[in-house]
Amino acid sequence: QVQLVESGGGLVQAGGSLRLSCAASGSITSIHTMSWYRQAPGKQRNLVAAITSGGTTNYADSVKGRFTISRDNAKNTVYLQMNSLNAEDTAVYYCNGYIYATGYYGKYYWGKGTLVTVSS
C-alpha cells in the first residue's frame with residue numbers, strides 16, 4: 001500500500017522560512033508528477049506547486065519567487081522550500097503524487113497534511 005507522509009510544518013513568524021517534506025513509501029514502481037496543495041480554513045484546496053519526474057515545475061502566482069519545489073527521485077521525496085512567509089500562507093499543506101504502485105494502474109495519492117501557521 002502506498003502512503004505519502006508530510007513533515008516540516010509548524011509555527012513561524014512572518015518573513016520566516018519553512019521546508020516541507022513528503023516521502024512516498026510502499027511498493028512503488030514509479031512516481032510521476034508530485035505536487036503540494038494547501039487549504040486555508042473555510043477555503044477550497046488549491047495547487048501551490050508541482051514538479052514532474054523530469055524536473056519541470058509549476059507554481060501558483062501567489063507563491064512564485066518565494067516557494068521552491070524540488071524532489072529526490074531516489075528517495076521518493078518531494079520538498080517545498082517556503083521563504084518570505086506571510087499570514088496568507090497559513091494553511092494545511094497536502095502532498096499529492098501520481099504513483100504507479102507495483103502491479104496496479106497509476107492513480108493520485110494524498111498525504112494527510114501538515115499545518116503551517118504564520119504569525120504576523
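Asn 76 sits in the loop between strand 7 and strand 8, where helices (H or I, at least four residues) and strands (E, at least two) are DSSP runs numbered from the N terminus. The structure is a predicted model, in which local features need pLDDT of at least 70 and side-chain atom pairs count only at pLDDT 80 or more, while totals for chains, interfaces and linings use all residues. Residues are numbered from 1 along each chain as its sequence is written, and side-chain values use heavy atoms, with hydrogens and water left out.

Most residues other than glycine have a negative phi. Asn 76 is partly exposed, at 25% relative accessibility; buried means under 20% relative accessible area, exposed over 50% and partly exposed in between, with a 1.4 Å probe and protein chains only. Ser 84 is not a glycine either, yet has a positive phi of about 50 degrees. Ser 84 belongs to the loop between strand 8 and strand 9 and is partly exposed, with a relative accessible area of 43%.

Leaving aside residues up to four places away in sequence, the contacts (heavy atoms within 4.5 Å) of Leu 80 include Leu 18, Trp 36, Val 48, Phe 67, Ile 69 and Tyr 93.

The structure holds one disulfide, defined as a pair of cysteine sulfur atoms within 2.5 Å. Cys 22 and Cys 95 form this link, with their sulfur atoms 2.1 Å apart. The pair joins distant parts of the chain, Cys 22 in strand 3 and Cys 95 in strand 9, 73 residues apart. The angle about the S-S bond is -80 degrees, and the link is left-handed. Both Cys 22 and Cys 95 are buried.

Thr 57 lies in strand 6 (residues 57–59) and is partly exposed, with a relative accessible area of 37%. Beyond residues up to four places away in sequence, Thr 57 touches Ala 50, Ile 51 and Ile 69.
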